[in-house]
Amino acid sequence: MSDQTTAFTELLQINERIGQAESDADKAWFEHLLHERFTMRRPSGPLSTKADFISGLATAPPPAAPSRNGRWPTPRLSRSSTICGSSSARTDAGS
């Protein structure tokens, strides 16, 4: 397997793990994953640092539940969210 294929596979695995780690408030995993200079823009506008993001994991609201009509709320996507093409995630491979 080429280095490029291996890196892409690792990014896909990280992408799949992020949602579960956020739901589980897995602070240790994000502490290892995120770069010290990690920043992100929240959908409401403010910037969050690595420390802000990790400290907010435990206080995150619970997942949305279906409404009274039995339908799940429609997800809203943030245009500023990027998984691939960002330097916010790192792995120990090759470092």
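Student: What pLDDT does the chain average?

Tutor: This is a predicted model, and the chain averages a pLDDT of 76, with 60% of the residues scoring at least 70. Over residues 77-95 the pLDDT is below 50, and this stretch has 20 contacts in the model beyond near neighbours in sequence. Where pLDDT is low, the predicted coordinates should not be read in detail.

Student: In what order do the elements of the chain run?

Tutor: Starting at the N terminus, the order is α-α-β-β-α, which comprises three helices and two strands. Of the contacts in the chain with a separation of 6 or more, 46% are between residues 24 or more positions apart.

Student: How many salt bridges does a search of the whole structure find?

Tutor: The general idea is that side chains of opposite charge can pair when their charged atoms come close. In this structure, the search finds three salt bridges. One of them joins the side chains of arginine 17 and aspartate 26, with 2.7 Å from N to O.

Student: Are arginine 17 and aspartate 26 buried, partly exposed or exposed?

Tutor: Arginine 17 counts as partly exposed because its relative accessibility is 26%, and aspartate 26 is likewise partly exposed, at 23%; the cut-off for buried is under 20%.

Student: Which residue forms a salt bridge with glutamate 31?

Tutor: That residue is lysine 50, and the closest N and O atoms of the pair are 3.2 Å apart. Because lysine 50 lies in helix α3 (residues 50-56) and glutamate 31 in helix α2 (residues 27-33), the pair ties together parts that are 19 residues apart in sequence. Lysine 50 is buried, with a relative accessible area of 3%, whereas glutamate 31 is partly exposed, at 41%.

Student: What is the distance between the closest N and O atoms of lysine 50 and glutamate 36?

Tutor: Those atoms are 2.8 Å apart, and the two residues form a salt bridge. This pair links distant parts of the chain, 14 residues apart, with lysine 50 in helix α3 and glutamate 36 in the loop between α2 and β1. Glutamate 36 counts as exposed, at 60% relative accessibility.

Student: Which residues are linked in a network of salt bridges?

Tutor: The network links Glu31, Glu36 and Lys50.

Conventions
Residues numbered from 1 in each chain as written. Predicted model: local features only at pLDDT ≥ 70, side-chain atom pairs only at ≥ 80, totals over all residues. Heavy atoms only, no water. Helix = DSSP H or I, 4+ residues; strand = E, 2+ residues; numbered from the N terminus. Contact = heavy atoms within 4.5 Å. pLDDT = per-residue confidence, 0-100. Salt bridge = Lys/Arg side-chain N within 4 Å of Asp/Glu carboxyl O. Buried < 20%, exposed > 50% of the residue type's maximum accessible area, 1.4 Å probe, protein only.
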